[in-house]
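Let's take a friendly walk through this model together. Keep the sequence and the 3D view side by side as you read.

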Amino acid sequence: AEEVARIAAAAPDWPTLAAAARSCVACPELAATRRHVVVGDVPAGGRARFALVGEAPGAQEDATGRPFVGRSGALLDELLAEAGLDRGHAAVLNVVKCRPPGNRTPKASEVARCSGWLRRQLELLDPPVVVALGLSAAKWFLGRRITLAAVRGRAHEVDGRAVWATYHPSAALRFGPNGAPRAGLLADLRAVAESLP
Ligand code: URA
């Protein structure tokens with residue numbers, strides 16, 4: 001974790017950081033089973049109006065090297081559009097950059113080792129607003145002891161940014177179009193849209 005943090009912190013710009021992350025082997029199991037390191041998407045021009053942060057790549061993301069391009073990504077795109085948010089202005093990132101086998105939840109040790117990349121990505125992109133999608137991302141920003149129910153629906157100030165935490169689109173898929181997570185995610189994205197500077 002210290003080595004990743006040191007390398008990441010020394011990266012002066014996004015391309016240098018991305019190249020270093022793509023060759024990361026800090027987590028032996030993930031490095032052996034992944035096809036791509038999913039570094040994340042940045043808006044053309046380099047500055048992000050807001051950042052979306054997920055948990056870790058799934059199968060489609062691992063296959064393509066791009067974040068949120070599978071079923072969760074399709075629903076995310078739909079809800080962003082419905083909320084009036086433009087994915088083209090967003091940085092799309094994950095807490096963990098490699099797909100955990102079988103889409104298991106990343107281990108705390110993997111989150112710890114990978115964290116230096118996300119920390120530096122946020123420094124370089126400096127988004128004023130961050131939307132944490134799902135509990136893993138919410139915990140990364142707001143602490144290990146939180147529940148989503150307790151933190152969602154409002155902004156939390158973390159390191160000078162407004163951090164929102166909401167449902168992961170995969171929960172919205174799991175509970176269906178009439179389930180609470182889809183409605184909650186959409187409501188939270190609408191609130192984010194209204195809050196944008
Ligand atoms: N789920 C995530 O958390 N991140 C992705 O990039 C894709 C699915």
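First, some ground rules. This is a predicted model, in which local features need pLDDT of at least 70 and side-chain atom pairs count only at pLDDT 80 or more, while totals for chains, interfaces and linings use all residues. Residues are numbered from 1 along each chain as its sequence is written.

Start with the annotation. An unreviewed UniProt entry places the feature "domain: Uracil-DNA glycosylase-like" at residues 42-190; such positions follow the numbering used here, feature names are shortened, and annotations may be inferred rather than shown by experiment. Within that span, 45% is helix and 16% is strand, and the end C-alpha atoms lie 21 Å apart. Helices (H or I, at least four residues) and strands (E, at least two) are DSSP runs, numbered from the N terminus.

Now look at the ligand. Its shell consists of Gly 54, Glu 55, Ala 56, Pro 57, Gly 58, Glu 61, Pro 67, Phe 68, Gly 70, Ser 72, Gly 73 and Asn 94, where a residue is included if its C-beta atom, placed from the backbone, lies within 6 Å of the molecule. Four of these residues are nonpolar, six polar and two charged. Here Ala, Val, Leu, Ile, Met, Phe, Trp, Tyr, Cys and Pro count as nonpolar, Asp, Glu, Lys and Arg as charged, and the others, Gly among them, as polar.

Next come the helix pairs. Two packed helices are described by the angle between their axes and the distance between the axes. Axes are lines fitted to C-alpha atoms, for helices over the stretch in contact, and angles run from 0 to 180 degrees between N-to-C directions.

How do helix α1 (residues 2-10) and α6 cross? Their axes come within 7 Å at roughly 15°, and the two helices are therefore roughly parallel (angles under 35 degrees). Val 4, Ala 5, Ala 8 and Ala 9 of α1 meet Arg 113, Cys 114, Gly 116, Trp 117, Arg 119 and Arg 120 of α6, with contact meaning C-beta atoms, placed from the backbone, within 7 Å. That contact has six nonpolar residues, one polar and three charged.

Helix α2 (residues 14-22) also packs on helix α6 (residues 108-125), with axes coming within 11 Å and crossing at roughly 170°. This makes α2 roughly antiparallel to α6 (over 145 degrees). Trp 14, Leu 17 and Ala 21 of α2 touch Trp 117, Arg 120, Gln 121 and Leu 124 of α6, giving five nonpolar residues, one polar and one charged.

Finally, helix α5 (residues 71-83) and helix α10 (residues 180-195) pack at about 50° with axes 8 Å apart. That makes α5 oblique to α10 (neither of the classes above, nor the roughly perpendicular 65 to 115 degrees). Leu 79, Leu 80, Glu 82 and Ala 83 of α5 meet Leu 185, Leu 186, Leu 189, Arg 190 and Ala 193 of α10.

How values were computed
Two residues are in contact if their C-beta atoms, placed from the backbone, lie within 7 Å.
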